[in-house]
Amino acid sequence: MRTSIRIASVLTGLTLALGGASFIAPAAHADVTACINQVERELHGGEAPDSVRMACYVGLTGDHAQCVSGLTAGGVTNGTAASACKVAPE
């Protein structure tokens, strides 16, 4: 294989890999944000404490039960916690 074709192939692969990562990364952040926003609506606009942010991050990893228990331990109602944790991993 010629060197110019090999270099073009490598650059194309890198471009696709880095471009795909840029599409995936913002989506993960948005899911945690959706979870936090749901909790903040219950707090009537108050900013969510760090414990809520951590519980929503745990929900992002797919551990729904731990997310719900973390939010309810932080004073969030069970219904809001369940719905917020449901949107975290989406």
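Which residues are linked in a network of salt bridges? In this predicted model, they are Glu 40, Glu 47 and Arg 53.

**View 1. Two salt bridges share Arg 53.** The side chain of Arg 53 meets that of Glu 40 at 4.0 Å, N to O. Glu 40 belongs to helix α1 and Arg 53 to helix α2, so this pair ties together parts that are 13 residues apart in sequence. Arg 53 also forms a salt bridge with Glu 47, at 3.3 Å, N to O.

**View 2. Helix α3 has a buried side and an exposed residue at Ala 65.** Helix α3 spans residues 64–73, and Cys 67, Val 68 and Leu 71 are buried in it. These three cover an arc of only 95° around the axis, which puts them on the same side of α3. An α-helix has 3.6 residues a turn, so residues three or four places apart point the same way. Ala 65 and Ala 73 are exposed on the other side of α3. Just after the helix, Gly 75 has a positive phi of about 95°.

**View 3. Leu 71 sits in the largest nonpolar core.** This core has 16 residues, and Leu 71 is among those that touch the most other members, along with Cys 35, Val 39, Val 52, Cys 56 and Val 76. Helices α1, α2, α3 and α4 each give two or more residues to the core, and α1 gives the most, with four. Leaving aside residues up to four places away in sequence, the contacts of Leu 71 include Ala 55, Ala 81, Ala 84 and Cys 85.

Key:
Residues are numbered from 1 along each chain as its sequence is written. This is a predicted model: local features need pLDDT of at least 70, side-chain atom pairs count only at pLDDT 80 or more; totals for chains, interfaces and linings use all residues. Side-chain values use heavy atoms; hydrogens and water are left out. Buried means under 20% relative accessible area, exposed over 50%, partly exposed in between (1.4 Å probe, protein chains only). The arc is that of the directions from the helix axis to the C-beta atoms. A nonpolar core is a set of buried Ala, Val, Leu, Ile, Met, Phe, Trp, Tyr and Cys residues joined through side-chain atoms within 4.5 Å. Contact means heavy atoms within 4.5 Å.
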